[in-house]
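I open this notebook to record what I looked up in one structure. Two places were of interest to me, a ligand shell and a single residue.

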Amino acid sequence: MGSTPPAFIGAEEVEKHLHRASLLLPALEAALANFSAGAAGGVVQPVRTVLPVPRHSGYLGVMPAYSAADDALTTKLVTFYEHLKDSSVPSHQATVLLFDPSNGTLKAVLDGSVITAKRTAAVSAIATKLLMPPFAEVLCILGAGVQAYSHYDIFTELFTFKEVRITS
Ligand SMILES: NC(=O)C1=CN([C@@H]2O[C@H](COP(=O)(O)OP(=O)(O)OC[C@H]3O[C@@H](n4cnc5c(N)ncnc54)[C@H](OP(=O)(O)O)[C@@H]3O)[C@@H](O)[C@H]2O)C=CC1
Ligand SMILES: O=C(O)C1=NCCCC1
């Protein structure tokens with residue numbers, strides 16, 4: 001009796017499920033509220049462990065979390081490296097592992113790079129929704145990499161700007 005191997009959910013499939021960046025907003029708003037509620041919110045999320053790899057100018061981050069509301073046990077593993085000009089390797093790469101919380105069995109391995117790009121931008125958008133002055137009409141983005149694209153996507157989906165300025 002072999003155990004079922006974990007599902008592998010690649011970048012394309014993750015992208016397909018999150019075809020509009022704003023689809024993440026309800027889940028993230030709920031997660032942020034649960035986290036902010038402290039023990040009552042049922043989120044256990046220790047500070048990210050970051051392991052430096054100085055020989056190669058990189059880092060490995062380990063980001064475990066459990067949400068009682070979702071009964072979800074997961075960890076993200078993310079590497080971030082000094083970006084070499086013209087390198088085809090992204091500076092940030094991530095994988096998400098999803099476990100069965102009742103017995104610890106690994107259920108799924110998900111591409112985490114699309115999730116990282118979209119989640120980070122969506123959280124910025126949530127903060128912006130709450131803090132942006134009503135007269136703001138220019139979106140400024142520092143950098144023109146992965147996060148610049150994902151921030152551009154969700155900000156232009158949710159808000160109206162007269163102009164977008166990008167500097168890199
Ligand atoms: N809080 C979070 O959850 C997350 C945070 N991040 C952070 O967001 C930032 C961007 O990440 P990401 O988009 O994936 O990285 P990328 O490597 O894809 O892009 C970085 C961009 O910034 C540009 N850049 C570098 N230095 C400067 C500078 N001094 N002034 C203006 N632009 C500059 C680079 O230009 P060039 O290529 O020419 O050097 C490149 O266009 C990083 O700091 C990353 O660590 C990322 C993921 C998650
Ligand atoms: O949360 C993440 O993912 C990252 N945060 C900052 C640095 C790189 C990745």
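Entry 1, ligand 2. I worked from a predicted model and listed the residues around ligand 2: Arg 48, Met 63, Lys 76, Val 78, Phe 80, His 92 and Thr 116. I then looked up how much of the ligand is covered. Ligand 2 taken alone exposes 270 Å², and the protein buries 75% of that.

Entry 2, make-up of the shell. I sorted the residues around ligand 2 by type and noted three nonpolar, two polar and two charged. I also asked which element supplies the largest share of this shell.

I looked up two side chains of the shell. For Arg 48, I found a polar side-chain atom 2.8 Å from a nitrogen atom of ligand 2. For Lys 76, I found a side-chain N or O atom 2.6 Å from an oxygen atom of ligand 2.

I located Ser 150 in helix 4, which spans residues 146-158.

I then looked up the polar contact with Ala 117: a polar atom of the Ser 150 side chain lies 2.9 Å from the backbone oxygen of Ala 117.

How values were computed
Residues numbered from 1 in each chain as written. Chains lettered and ligands numbered in written order. Predicted model: local features only at pLDDT ≥ 70, side-chain atom pairs only at ≥ 80, totals over all residues. Heavy atoms only, no water. Helix = DSSP H or I, 4+ residues; strand = E, 2+ residues; numbered from the N terminus. Polar contact = N/O pair within 3.5 Å; in protein donor to acceptor, adjacent residues only side chain to side chain. Near = heavy atom within 4 Å. Areas by Shrake-Rupley, 256 points an atom, 1.4 Å probe, with all protein chains shown as cover. Nonpolar A, V, L, I, M, F, W, Y, C, P; charged D, E, K, R; others polar.
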